[in-house]
Amino acid sequence: MSTTIPADLPLTDAEILRIREDFPILQTEVNGHPLVYLDSGATSQRPLAVLDAEREFATTLNSAVHRGAHTLAAEATEVFEDARGTLARFIGADDDEIVWTSNATEAINLVAYSLSNASIGRGGAAAARLRMGPGDEIVTTEMEHHANLIPWQELAARTGATLRVIPIDDDGALRLDEATINERTKLVAITHVSNVLGVINPVEQIIAAAHEVGALVLLDACQSAPHLPLDVRALDVDFAVLSGHKMLGPTGIGALYGRRELLEVMPPFLTGGSMITTVTTTEAEYLPPPQRFEAGTQRVSQAVALAAAIDYLTAVGMPRIADHEERLGRRLVDGLSAIDGVRVLGAGIDLPRVGLASFDIPGIHSHDVGQFLDDRGIAVRVGHHCAQPLHRRLGVTSSTRASTYLYSTEAEVDAVIEGVVATIEFFGVRS
Ligand SMILES: Cc1ncc(COP(=O)(O)O)c(C=O)c1O
């Protein structure tokens, strides 16, 4: 997909078919059926351009970056840094505001550990505004992925700060009237798009409230960066995290966006080689960001492949991808909600959506639903999707999640809907 098409034109069926040809795995069969891959929310598939970029790097340039004096090392460093620039432009940041991590989970832990290191005096006076202690508050929400919850529980435990949680209502929507952001709030960590409900949260409101009291905001963009145009500067967030494997890239690569003036004063999380200027046996001086946060040998081929993924997404056009997935998401929610005996989590929430819906069929365990669908070649995710508090609040222990991407078709959405009808008939639980 190399031609750029106007952002307001919907992706046509012919274009989606052409896109699908770029993804070899989508041509495979599972259990005697053509694969219907509806688990992109967990991990997306990779087009040939991404597979080729990683292979090309490994076969022509493989070497460690920022170290050797030899030609391969210099060229590898150049493509690694170019990849950083590609990601920076994709989300509206500057190159030195992007820190490579192994995934979003590590990126969130980087911030949490850096803040707790600042709280014990690391980073000196420059990092004083990052310190936390008893009386300070960290705010997150009841709908977070565990990756954006547990690091804050740990930070609170290490610093004595209090963790507050913005509750959700019976439908699953954030109770913004109970967003406990006040002058004690130091950090607000919130997901842009729920990985269970598929709704795009009205984060602008929360970001503005946080900044009004001088709190920092971390945006979990794991489920938004792959599916919507994202501009961290326009959103005015202080940190944002994403995972490459959810946006057509390989596993093992993620990123932290951090506002430059914050990264400059933050003490490191991981320490060791490649992040220092001078080292004695008793102390070390650190490089400026982003290298200060990139200790150890870096994931170069993965970064290069992620840049190829971003080029692919950009060529198709993020507004067109968002539009396509919103339509698939509505079709999913409407189709599943119309089935007697199915409860779609968050179906009643009046917010824009991505192509992702989770549902419960009382009387049938989600693992049985997943198995039944798998027999038909349909891949979905089952369980709590790393969001136990959300499931608990909505009164279920697990759910089945179908999630789309740019390569998903209406026929695939219809296949899962028909599969759910057949599941209910098979287990005989229709009311
Ligand atoms: C909303 C959200 N946040 C964080 C994560 C964690 O991503 P990773 O496991 O790639 O670090 C996920 C992954 O499912 C997610 O959906």
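Predicted model: local features only at pLDDT ≥ 70, side-chain atom pairs only at ≥ 80, totals over all residues.

Guide: The strands E13 and E14 run antiparallel and are joined by two bridges. They belong to an open sheet of four strands, in the order E13-E14-E17-E16, and the pairing in this sheet is antiparallel. E13 and strand E16 (381-383) are the edge strands; each has a single partner strand, so one side of each has no neighbour in the sheet.

H10 lies across E13, E14 and E17, and its direction is at about 15° to that of E14. Helix H11, residues 366-375, also packs on the sheet, where it touches E16 and E17 and makes about 160° with the direction of E16.

Now look at the loops attached to these elements. Between H10 and strand E13 (343-344) there is a loop that holds Asp340. Asp340 has 9 C-beta neighbours inside 10 Å, and therefore counts as exposed. The loop between E16 and H12 contains Cys386. The phi of Cys386 is positive, near 60°, although the residue is not glycine. Cys386 has 17 C-beta neighbours inside 10 Å, so it counts as partly exposed.

The chain is divided into domain 1 (13-46 + 318-427) and domain 2 (52-314). Their C-alpha centres are 28 Å apart. Where they touch, 30 residues of domain 1 are in contact with 29 residues of domain 2. Several elements named above return here: helix H10 (318-337), strand E14 (356-360), helix H12 (388-393) and strand E17 (399-403) each supply at least two residues of the side of domain 1 that touches domain 2. H10 gives the most to this side, with six residues. By type, the residues on this side of domain 1 divide into 16 nonpolar, nine polar and five charged.

Strand E8 (residues 216-220) pairs with E9 in the parallel sense, over three bridges. Strand E9 (residues 239-243) pairs with strand E10 (residues 254-258) in the antiparallel sense, over five bridges. Leu218 has Phe239 of E9 as its bridge partner, and Phe239 stands opposite Gly258 in E10. The bridge partner of Ser243 in E10 is Gly254.

E9 is mostly covered, with five of its five residues buried. Phe239, Val241 and Ser243 point one way from the strand, while Ala240 and Leu242 point the other way, and all are buried. Asp236 is not a glycine, yet has a positive phi of about 65°. With 16 C-beta neighbours inside 10 Å, Asp236 counts as partly exposed.

Two other helices pack against each other: helix H4 (residues 104-119) and helix H5 (residues 150-159) meet at an angle of about 10°, with axes 9 Å apart. H4 and H5 are therefore roughly parallel to each other. Residues of this contact include Ile108, Ala112 and Leu115 from H4, and Trp152, Leu155 and Arg158 from H5. The contact residues divide into six nonpolar, four polar and two charged.

Pro290 sits in the loop between strand E12 (284-286) and helix H9 (300-316). The peptide bond joining Pro289 and Pro290 is cis, with omega about 5°.

How values were computed:
Residues numbered from 1 in each chain as written. Domains from an automatic or database assignment. Contact = placed C-beta atoms within 7 Å. Nonpolar A, V, L, I, M, F, W, Y, C, P; charged D, E, K, R; others polar. Pairing = 2+ DSSP bridges. Axes fitted to C-alpha atoms, helices over the stretch in contact; angles between N-to-C directions. Parallel < 35°, antiparallel > 145°, perpendicular 65-115°, else oblique. Buried ≥ 20, exposed ≤ 12 C-beta atoms within 10 Å, placed from the backbone.
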